[in-house]
Amino acid sequence: MLIKIYGSAIHGVAAQTITIEVNIDTGGVGYHLVGLPDNAIKESSYRISAALKNGGYKIPGKKITINMAPADLRKEGSAYDLSIAIGILAASDQILAENIHDYIIMGELSLDGSLQAIKGVLPIAIQAREEGFKGIILPKQNTREAAIVEGLEVYGAENIKEVIDFFNEGKAIPKVVLDIKKEFQEKINHFPFDFSEVKGQETAKRAMEVAAAGGHNIILIGPPGSGKTMLAKRVPSILPPLTLKEALETTKIHSVAGKMGSETSLMTVRPFRSPHHTISDVALVGGGSYPQPGEISLAHNGVLFLDEMPEFKRTVLEVMRQPLEDREVTISRAKFTVIYPSSFMLVASMNPSPSGYFPDDPNNTSSTLEMQRYMNKLSGPLLDRIDIHIEIQKVEFEQLAEKRKGEKSEEIRKRVLKAREMQEERYKNLDISYNAQMGVRQIEQFCELDEVSFALIKLAMDKLNLSARAYDRILKVARTIADLEQSEKVLSHHISEAIQYRSLDREFWNV
């Protein structure tokens with residue numbers, strides 16, 4: 001008897017429906033699994049056999065042929081265990097199969113028949129709804145994530161016996177229903193850190209506010225203990241809240257990577273990713289034999305923090321250049337191409353020298369040659385993509401001992417939101433959302449300078465020995481500073497402040 005059952009495969013951050021055809025023939029004995037399965041799927045026969053036996057069922061001693069179509073698409077992972085097991089039972093008339101084609105069935109089997117969580121549930125559920133399936137049957141741990149998708153019945157089973165009874169006897173599996181909008185609104189403003197906890201560093205806080213308002217990449221330069229990491233961890237608290245569309249995009253990526261917990265249904269705050277400096281280039285941008293999203297994709301719509309940036313391998317840093325520009329990662333293989341979104345805000349930190357101190361600090365023991373070698377770890381093209389460079393000085397004791405709290409993230413966020421609203425209105429007919437995404441044409445159109453401002457930026461280029469690449473960056477940042485003041489024009493004091501945020505372009509650093 002031939003039975004068709006449906007599962008799903010992940011391709012990038014999207015899903016593709018897989019038809020699992022199970023044919024049982026009395027003319028012979030054997031178990032044949034075809035359709036480009038990987039080793040995890042090939043090993044499923046042992047898990048399925050034990051799970052069925054412990055549940056009072058068995059794999060029939062006949063010729064079983066299982067085809068996973070389309071046969072030219074490689075399938076991977078253990079998520080097809082439940083699909084194949086139910087297909088075998090239906091094809092051997094051990095369970096009824098009248099409405100089995102109405103559901104996507106996915107789950108990993110334990111030997112005792114219980115179900116383990118799987119990856120990529122959200123894109124699978126979205127695809128199931130788009131293709132008109134009535135519902136989806138999954139491990140109980142994944143149901144909250146799948147329930148995000150409206151118009152699809154989501155059933156969470158604890159073991160294969162519940163799934164068998166669902167088809168055989170019509171015994172109900174608990175259906176999961178979520179009020180996504182309510183849950184989204186309840187958790188959208190929950191942050192573990194706040195800028196009011198940061199002592200001193202008013203200049204750095206201002207730079208962070210400018211960076212958040214315009215979506216600018218920023219690098220913090222300062223000695224150990226000056227608060228670089230503390231500042232970086234608080235950036236998500238002043239960024240605009242995720243829209244529901246952005247939340248779904250971000251959740252899909254984390255779902256594919258298997259980063260969603262059983263109690264989490266939707267990413268409600270912008271992600272903050274902080275990889276260690278020993279990370280490989282594949283782990284950072286994504287890829288591998290079976291491509292998976294990297295850290296820059298997991299930071300999509302959020303913040304990627306690179307602590308002590310010069311300590312990262314140069315090859316790792318250089319692979320970020322294209323994603324920073326294109327805001328997506330393209331991973332190509334001989335038979336397929338995968339695209340992962342990677343629109344993130346880069347926040348980096350570094351010591352000003354190998355010893356950890358500024359060149360004019362008495363504690364600095366680094367030679368000129370060591371300084372040059374240290375700074376050369378960051379290439380010009382990479383720094384070209386970082387709009388704001390801010391120097392952070394050590395916090396004095398009086399500031400640390402001060403009882404008064406600083407400005408709350410909530411207050412800073414209000415100003416950031418007003419600036420973003422101006423940018424949304426300005427770019428509503430363009431394919432950009434905020435100032436950091438401006439190209440040459442937009443800079444010419446929206447960053448017109450009066451005579452005083454033009455003279456000031458010309459003087460800065462000459463006197464401070466700023467590089468040519470700093471010119472566009474200064475204009476972009478000045479445009480954001482003007483937006484924070486709700487000013488339609490870029491004025492001289494906006495240019496003046498923006499010039500201060502180009503530390504690494506100055507002659508002082510080109511030792």
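Start by selecting Asp81, Leu82, Ser83, Ile84, Ala85, Ile86, Gly87, Ile88, Leu89, Ala90 and Ala91: these residues of helix 3 are buried (under 20% relative accessible area with a 1.4 Å probe and protein chains only; over 50% is exposed, and in between is partly exposed). That is 11 of the 11 residues in helix 3, so "mostly covered" is the label for this helix. Helices here are DSSP runs of H or I with at least four residues, strands are runs of E with at least two, and both are numbered from the N terminus.

Before moving on, some housekeeping: this is a predicted model, where local features need pLDDT of at least 70 and side-chain atom pairs count only at pLDDT 80 or more, while totals for chains, interfaces and linings use all residues. Residues are numbered from 1 along each chain as its sequence is written, and side-chain values use heavy atoms, with hydrogens and water left out.

Step just past the end of helix 3 and click aspartate 93, which takes a positive phi of about 60 degrees.

Show side chains for Leu82, Ala85, Ile86 and Leu89 of helix 3, which meet Ile160, Val163, Ile164 and Phe167 of helix 6 (contact is heavy atoms within 4.5 Å). By class, this contact has eight nonpolar residues, no polar and no charged ones. Nonpolar covers Ala, Val, Leu, Ile, Met, Phe, Trp, Tyr, Cys and Pro; charged covers Asp, Glu, Lys and Arg; the others, Gly among them, are polar. As for the spacing, an α-helix has 3.6 residues a turn, so residues three or four places apart point the same way.

Next, jump to helix 8 (residues 202-214). With helix 18 (residues 409-426), helix 8 packs at about 35 degrees, the axes 8 Å apart. On the helix 8 side, pick Glu209, Ala212, Ala213 and Gly214; across from them are Ile412, Arg415, Val416, Ala419, Arg420 and Gln423 of helix 18. This contact divides into five nonpolar, two polar and three charged residues.

Keep helix 8 and bring in helix 21 (residues 470-484): their axes come within 9 Å and cross at roughly 95 degrees, which makes helix 8 roughly perpendicular to helix 21. Here Arg206, Glu209, Val210, Ala213 and Gly214 of helix 8 meet Val477, Thr480, Ile481 and Leu484 of helix 21.

Switch to the open sheet: five strands, ordered 11-14-17-10-18, with parallel pairing (two strands pair if DSSP finds at least two bridges between them). Strand 11 (272-273) and strand 18 (388-391) stand at the edges with a single partner each, so one side of each lacks a neighbour in the sheet. Strand 10 (residues 218-221) pairs with strand 18 over four bridges, and isoleucine 218 stands opposite isoleucine 388.

Last stop: is serine 237 buried or exposed? At 4% relative accessibility, serine 237 counts as buried. Find it in the loop between helix 9 (228-233) and helix 10 (244-256). Beyond neighbours within four places in sequence, serine 237 contacts Phe191, Phe193, Phe195, Ser409 and Arg413.

Notes. Axes fitted to C-alpha atoms, helices over the stretch in contact; angles between N-to-C directions. Parallel < 35°, antiparallel > 145°, perpendicular 65-115°, else oblique.
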